[in-house]
Each structure stands twice: as structure tokens, then as C-alpha cells.
Amino acid sequence: MPTGQLKVLVVSAKDLPNKDEKGDPYVNVYIESGYVQKTQTIPGDLSPVWNESFTFQVEDGKHKLHLDVYDSDEGKKDDSLGITTIDLKDVFEKGKDEKTVDLSSSSLFFPKAQGKITVQLEFTKK
Ligand SMILES: [Ca+2]
Ligand SMILES: [Ca+2]
């Protein structure tokens, strides 16, 4: 697995589930859980557009990008709106990739599809 720089453009999501009266989605983006980057919160929109880009250094052996979508809630714990993992092998090969993937509930036992998220990826080998 190559080493290099990965640029992640978090474009948008569609049809996120509504967890209460107001969905305010944001995304935690990470390859390793110790280094999480976060989009802005889009208030009151369950098909949000972020268009925010993030850069990660990819170390040898790492090839999974995690996208965790949450509903921001003031004064209580944010609700999970869906999670997904993108395998980076395609972008390692092609250099560029765009993906729209299903999000699923974070339940380990009954994961179900709930909405989609679109990202653009760009990888520069070191
Ligand atoms: Ca909520
Ligand atoms: Ca909320």
C-alpha cells in the first residue's frame, strides 16, 4: 500500500434520516481515529452540501477512509445519522476518484441503509 497525500472533498449527502425536529448534519472524516477532521454543521438540512476539502497523510498499510455523519444537538449528545467506510485502493490506483456511497446506521447488529454521501478523492504518491 502506498504512502502519500490524500485530498478528500466532502461534497454532499442526500436523504439523511431525521432524528428529531431539526437535523443539523456534519461529518467526521478520518483514516485513523486519533486524527479526525470535521466539516461545518449545516443547520436544518437533511440533504446538505458541504464542499469542504481535507488533506490526510496516508501511511503505509492504511487504506480505509471513515465518514461518520452526525446531527449536531445543543446540550445533548449528537445523534449518529449514518456511517460508511471507503476503500482507498481505487484512488491509489487511479489517482482520482469520485464516489457516492450508502450510509448505514451505526448499529452493529442491524445496519441498514439510510441516505448517501458523495466524496471526491485525490491521491498524490510520495
Ligand atoms: Ca438530534
Ligand atoms: Ca439537531
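## Overall dimensions

The protein chain has 126 residues and a radius of gyration of 14 Å, which agrees with the value near 14 Å for a compact globule; the radius is taken over C-alpha atoms, and the globule rule is 2.2 Å times the number of residues to the power 0.38. Along the principal axes, the C-alpha atoms fill a box of roughly 45 × 30 × 25 Å.

This is a predicted model, in which local features need pLDDT of at least 70 and side-chain atom pairs count only at pLDDT 80 or more, while totals for chains, interfaces and linings use all residues. Residues are numbered from 1 along each chain as its sequence is written, and chains are lettered from A and ligands numbered from 1 in the order in which they are written.

## Secondary structure

The protein chain contains 1 helix and 8 strands, arranged along the sequence as β-β-β-β-β-β-α-β-β. Helices (H or I, at least four residues) and strands (E, at least two) are DSSP runs, numbered from the N terminus.

## Nonpolar core

The largest nonpolar core has 24 residues, of which V8, V10, V27, L67, V69, I117 and V119 touch the most other members. Two or more residues of this core come from each of β1 (4–14), β2 (25–30), β4 (49–58), β5 (64–71), β6 (79–87) and β8 (113–125). Such a core is a set of buried Ala, Val, Leu, Ile, Met, Phe, Trp, Tyr and Cys residues joined through C-beta atoms within 7 Å.

## Residue T55

T55 lies in strand β4 and is exposed, because 11 other C-beta atoms are within 10 Å (buried: 20 or more; exposed: 12 or fewer; partly exposed: in between; C-beta atoms are placed from the backbone). The C-alpha atoms of T55 and V69 are separated by 18 Å, with the two residues 14 residues apart along the chain.
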